Amino acid sequence: MLNTMKIPRKLGLSFVALNVTAAIVMVIFCINIARISAATDRNNFSQSIHADAQTLETAILRQNSQMRGFLVTGDESYLKSYYEGRDEYDATSRDLEQMLTEPMKRDLVLESRKETEAWRRDWADKYVAVVKQGGREEAQEAIRVAGKKVLVSAAVLPLRKLRDLEEAAIVANSQSQDNAIMLAWIALAVGSVVLMGAAATLARVLSRSIAHPITTLTDAMTQLAAGNNSIVVPDTDRADELGDMARAVLVFRDAALDREVAVHNREMAMAELGRKLHELAESDLTVRLNDLPPAFATLASDFNDALTRLCAAMASVRGSVETISRSSGEIRQATGDLSERSAQQVTSLQSSATAMTEITAKVGESATLAADASKAMVEARSEAEKGGDVVARAIAAMNGIAEASQEIGAIISVIDGIAFQTNLLALNAGVEAARAGDAGKGFAVVASEVRALAQRAAEAASDVKLRINSATGHVTVGVELVNDTGNALQRIIDRVGSVSQSIEAIAKAAAQQSGGLAQVSAAINSMDAMTQQNAAMVEETTAVTEVLAKEAEQLRQAFSIFRIGGQFETLPPMTRPAPMPVATRTMAPAPRALPPVSAPAPAPAPAPAPVRAPAPAPRAGTAGALALQQDDWSEF
């Protein structure tokens, strides 16, 4: 059954069995751990309740002892401890009541609280108040008389019962915890033994069903890789992956056997092919492949067909070589004539190009001079315009001077009027001083001085007015002269602008003529370069024809050593078109002289035709690489 099961399924079932065993052990172990944890929680809870019950009992006894101490001594410090014990009891009792969920245990706590409150009400709080009011002896007497009624046994007994119940629960929980720990250890030990046993069993089974067959199959593959093709492949009847691998190795073994047969056949074929190629290397094209294994029948057929076509090609090439030998002489004579004509044409074009270059240089110099003259006229016009601006500013300044002279004349008129009024005032002052007699003598002297000053001011103002009027006349004449100068300068600017436009037009025309001549010169230079290239190409063609003739002879001699069989010896040579007689080739007319350039702005010359790079010179020993065809030479 294991041999029919796939390896992943075997491994999967093995791991599933191990995982199931481990899972069972873990479940049992977890259950016991949970029991231990629950027992521990219950034990801790019981211990907490037991401790709270102990705390309540201690608080009750503390209240009883502190109350009796206060009754005996009357010391207030006992009351402080009494109240602390009472508060502790009340808080712990409420917490314990909330913690307990069992009604019986809760009733015990409530019974203890009820008895405690009754004891406080009937004895403790009551006689503490009596002692505070000064009745300590009365309180002591009442306590002695009460006897056992004052005891707190009724409040303590329910708490002791609760403690007994919790102690029993603690013992039961400890026993349950010990049992769970024991079961956990047993489950762990048994599970470990079972898990190790299952692992060992599965390892042995998998080793017998997987590892051992793999080792055997590996040995077989190693022998097969070492060249032992007679091995016996085991486990080929298995239905799992090892069976697939064994069957694959079996296929490899059969392929190796087939390869041995193929290698033997290939060696036989290569030996026969080597003998035939040796005969072929001896220039015998009549050899054929006939004794090859059936697997190489196609190779023999292709080899025989290729040699048959090669013999036919050799016969055809022989005819072509003879035709090339006859044509190369005619091509040699034609290229010689073409080389002489090309040399004459190069000489003529070189002379024309030199003359055109000199003309272009002269026209270019004239265009440069015209451009410089145009630039100078533009600068002169700019300077004249600047002078016109200066004259305009001078006219404006002269007009300002004239206006300022008129304003000064007006001011002098005002000063003259002030002097006249001052003179009148001084005259009146002198008359009044004369009327005053001796008392006005000093004032009369002042009036006389003022009158003299007014007369001098009037005389000075009159003199200044005369001079200003004279200056105003001169300024007016200067303004008129400056205006005439400005008008004359404007006419000069207009004339300079007209001359500048004319010179600019001349410069443009000269530049156009220079550009046109440059294009013509470039076209002639291009034609010169193309003619030189054509001459070089003709010389190369002549050299090629010489080489072609020699190579044709060498090719004829080389092909004469091949034996191609009688059926190809009688084939006619390949037909070629008859060469044109040399006498019928027309010569191109001699180049005409270029006409002189008379137009001021010639049209641009057409763009030169693209220049073809010269063909590289052929190397010796390359016969048959150049296939020269019969061309039409009439254009030369």
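Okay, so what we have here is a chain with nine helices and zero strands, where helices are DSSP runs of H or I with at least four residues, strands are E runs of at least two, and numbering goes from the N terminus. Read from the N terminus on, the elements go α-α-α-α-α-α-α-α-α.

Quick housekeeping. This is a predicted model, so local features need pLDDT of at least 70 and side-chain atom pairs count only at pLDDT 80 or more, while totals for chains, interfaces and linings use all residues. Residues are numbered from 1 along each chain as its sequence is written, and side-chain values use heavy atoms, with hydrogens and water left out.

Now the whole chain. Of its 636 residues, 29% are buried; buried means under 20% relative accessible area, exposed means over 50%, and partly exposed is in between, with a 1.4 Å probe and protein chains only. The chain exposes about 39,200 Å², and carbon and sulfur atoms supply 61% of that. Those areas are Shrake-Rupley with a 1.4 Å probe, and for residues only the protein chains shown count as cover. As for contacts, meaning heavy atoms within 4.5 Å, take those with a separation of 6 or more: 82% of them come from residues 24 or more positions apart.

On to salt bridges. I'm counting a side-chain nitrogen of Lys or Arg within 4 Å of a carboxyl oxygen of Asp or Glu, and that rule gives 11 salt bridges.

Let's start with Arg-62 and Glu-84, whose closest N and O atoms are 2.9 Å apart. Arg-62 sits in helix H1 (residues 7-73) and Glu-84 in helix H2 (residues 76-99), so this pair ties together parts that are 22 residues apart in sequence. Both ends are partly exposed: Arg-62 has a relative accessible area of 27%, and Glu-84 comes in at 37%.

Then there's Lys-105, which has two partners to talk about. Which residue does Lys-105 meet in a salt bridge at 2.6 Å, N to O? That's Glu-166. The pair links distant parts of the chain, with Lys-105 in helix H3 (residues 103-132) and Glu-166 in helix H5, 61 residues apart. Lys-105 is buried at 10% relative accessible area, and Glu-166 is buried at 1%. The other partner is Glu-102, where the closest N and O atoms of the bridge to Lys-105 are 3.7 Å apart. Glu-102 is partly exposed, at 39% relative accessibility.

One more on charges: Glu-57, Arg-160 and Arg-163 are linked in a network of salt bridges.

Next, helix H4, residues 136-146. Its buried residues are Ala-139, Ile-143 and Ala-146. Looking down the axis of H4, they fall within an arc of 65°, so they line one face of the helix; the arc is taken from the directions from the helix axis to the C-beta atoms. An α-helix has 3.6 residues a turn, so residues three or four places apart point the same way. On the other side of H4, Glu-137, Glu-138, Arg-144 and Val-145 are exposed. After H4 comes Gly-147, with a positive phi near 70°.

Last stop, the surface. Met-182, Leu-183, Ile-186, Val-190 and Val-194 make a nonpolar patch of about 440 Å². Patch residues have over 30% relative accessible area and no salt bridge, with like charges joined within 9 Å and nonpolar side chains (Val, Leu, Ile, Met, Phe, Trp, Tyr) within 5 Å. Ile-186 is in helix H5 (residues 153-225) and counts as partly exposed, at 44% relative accessibility.
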